[in-house]
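Have the model open as you read.

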Amino acid sequence: MKRHRLSVLAGLTAATALFPAAGAYAAPAELPIAPLCAEQKDVAGPQYAVNLCDVTDADQFRTHLAAEGSSHCGPTSLYNAMYYLGEHKGLPMRITPNGQLLTEYDPGKPEDYDEVTAWIGWLGYKAGMGPNGGGSSTGENRAAFDAATVGAKAAGWTVNRGGIGTDNTPEFGLEIAKRLRQAPVQLWYGRYVLNADNTHSRTGGHAVTVVAAKGDVGSGKVELTLHDPARADDHKTPGYKDTQSEVRGEKVTLYRVAINVKSVSDDGVTTIKQRTYWRLFGEQYQGSTMGYVEAINWFEAAPPVG
């Protein structure tokens, strides 16, 4: 496949100023996209199992992103879902109508590292992130996806996306599996602390890419495999912000729970609301805060007919 350097990513305009090109770096040999696997898309019975293969696992921590990518979990997990749609469905995604396809650049190839960084930066820009970083919401990430697929829609592609919250969604695990049949799913969880009055307060959040889901209808439980943009085997080793790490699958289990969430408004008014979330447990997801899954973003696309 022909490769183009960053200079031909025409149309970055304001995004270029926010996310300049990375410089030279010492890169390892080409990395595999993912371990060998077989895709599975079974949601017909009371037991469901969906597994996607060849899903990218891009790193969010990059020297030449705003705040070195510390808050780019949203656009990076979005990038993984979009790359799958480009590679497996042929969905054309571009920064500008005449720009290069997202899939012209392979996150597993060291020579494409700068271009992948620019794409993640542009998605963050379209998701409302500023020059100093800052988070992005589920809706803002859907807006970034919309910006990248304007040309595809104009060319007759059917492109859909949406969000599903955990409140009033008792079979949230099954919903993940159903949406996963089309493309990887963005999953958003909040980090919460338990207060003395048995309420919970949100202290932050994170977004990851779901690549597999397995569970039983009615169980209030689902097992997932994630590609987490903030976790890698080389995390915090010398040069880790200038190279792409290997693909790594994170195994987690979600359980449906109801908690009381306390929040304080800017004018000092305290409110307590009961929320239905799915608590996240995993070997690599332990610490002083608790993870409660709040929502997903899903994506799908089909080529023009005729």
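Tyr 277 and Tyr 292 are both buried, where buried stands for under 20% relative accessible area, exposed for over 50% and partly exposed for anything in between, using a 1.4 Å probe and protein chains only. Before going further, note that this is a predicted model: local features need pLDDT of at least 70, side-chain atom pairs count only at pLDDT 80 or more, and totals for chains, interfaces and linings use all residues. Residues are numbered from 1 along each chain as its sequence is written, and side-chain values use heavy atoms, leaving out hydrogens and water.

**Rings**

How many aromatic pairs does the structure hold? There are 10, counting rings of Phe, Tyr and Trp (its six-membered ring) whose centres lie within 6.5 Å; planes under 30 degrees apart are called stacked, over 60 edge-to-face, and the rest tilted. One of them joins Phe 172 and Trp 278, and its planes sit at 40°, so it is tilted. Phe 172 belongs to helix H6 (residues 172–180) and Trp 278 to strand S8 (residues 270–282), so this pair ties together parts 106 residues apart in sequence. Helices (H or I, at least four residues) and strands (E, at least two) are DSSP runs, numbered from the N terminus. Phe 172 is buried at 0% relative accessible area, and Trp 278 is buried too, at 1%.

Tyr 277 and Tyr 292 also make a tilted pair. Tyr 277 is in strand S8 and Tyr 292 in strand S9 (residues 290–302), so here the linked parts are 15 residues apart in sequence. Ring pairs also bring in Tyr 192, giving a cluster of Tyr 192, Tyr 277 and Tyr 292.

| Pair | Centre to centre | Angle between planes |
|---|---|---|
| Phe 172 and Trp 278 | 6.0 Å | 40° |
| Tyr 277 and Tyr 292 | 6.3 Å | 40° |

Some rings have a charge over them, meaning NZ of Lys or CZ of Arg within 6 Å of the ring centre and within 35 degrees of the ring normal. Arg 62 puts its charged end over Tyr 113, 4.4 Å from the ring centre.

**Cysteines**

The structure has one disulfide, defined as a pair of cysteine sulfur atoms within 2.5 Å. Cys 37 and Cys 53 form it, with their sulfurs 1.9 Å apart. Cys 37 is partly exposed at 41% relative accessibility, whereas Cys 53 is buried at 6%. Cys 73 is buried as well, at 11%.
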